[in-house]
Amino acid sequence: MGLKRRTKVDSSFSMASMTDIIFLLLIFFMLSSTVVIPNAIKVTLPQSKKQTSAKPLTRVTIDANLNYYVAVGKDREKQVSFDEITPFLQSSYVQEPEMFVALYADETVPYKEIVKILNIANENKFKMVLATRPQQKR
């Protein structure tokens with residue numbers, strides 16, 4: 001008896017299911033990449049175990065009430081407005097070009113107030129030292 005197959009076996013591979021898998025993988029990676037938030041910057045603030053050996057000639061002090069005080073050498077601090085700080089530092093720089101400016105800020109002073117003083121120093125290329133108290137031993 002001659003039995004014949006009516007259907008022929010197709011040896012080609014269907015790519016329809018492969019495109020579905022690729023599409024699902026693409027969606028998965030797009031969604032998972034938006035969920036991942038990299039923690040790129042970790043800041044550890046320094047402690048003041050050591051004090052600087054540089055003796056500042058000029059001092060800028062900010063107290064808890066955001067009052068500004070300036071002084072040169074062993075002179076007493078005098079209260080000034082924020083706008084008077086730059087001319088004071090510039091005149092001190094003319095007298096001593098190698099001066100260091102020490103910034104004494106109360107720990108309750110907002111960071112933006114400290115940055116204002118640092119910007120003045122940066123614009124005029126003054127050497128700035130942030131004054132800290134020694135670390136307490138436990």
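Lysine 127 is in contact (heavy atoms within 4.5 Å) with Glu98, Met99, Phe100 and Val101, its neighbours within four places in sequence being left aside. This is a predicted model, in which local features need pLDDT of at least 70 and side-chain atom pairs count only at pLDDT 80 or more, while totals for chains, interfaces and linings use all residues. Residues are numbered from 1 along each chain as its sequence is written, and side-chain values use heavy atoms, with hydrogens and water left out.

Lysine 127 has its place in strand S5 (residues 127–130). Helices (H or I, at least four residues) and strands (E, at least two) are DSSP runs, numbered from the N terminus. The relative accessible area of lysine 127 is 38%, so the residue is partly exposed; buried means under 20%, exposed over 50%, and partly exposed in between (1.4 Å probe, protein chains only).

| Partner of lysine 127 | Kind of distance | Value |
|---|---|---|
| Glutamate 98 | polar contact between side chains | 3.0 Å |

A polar contact is a pair of N or O atoms within 3.5 Å; within protein, one must be able to donate a hydrogen and the other to accept it, and residues adjacent in sequence count only if both atoms are side-chain atoms.

The chain has three helices and five strands, in the order α-β-β-β-α-β-α-β from the N terminus. Of its 138 residues, 20% count as buried. Among contacts with a separation of 6 or more, 60% are between residues 24 or more positions apart.

Beyond four places in sequence, isoleucine 117 touches Val60, Ile62, Tyr68, Phe82, Ile85, Leu103 and Met128.

Methionine 15, in the segment before helix H1 (16–35), belongs to a nonpolar surface patch together with Phe13, Met18, Ile21, Ile22, Leu25, Phe28 and Phe29.

Technical notes
Patches are made of residues with over 30% relative accessible area and no salt bridge: like charges are joined within 9 Å, nonpolar side chains (Val, Leu, Ile, Met, Phe, Trp, Tyr) within 5 Å. Accessible areas come from the Shrake-Rupley method with a 1.4 Å probe; for residues, only the protein chains shown count as cover. A salt bridge is a side-chain nitrogen of Lys or Arg within 4 Å of a carboxyl oxygen of Asp or Glu.
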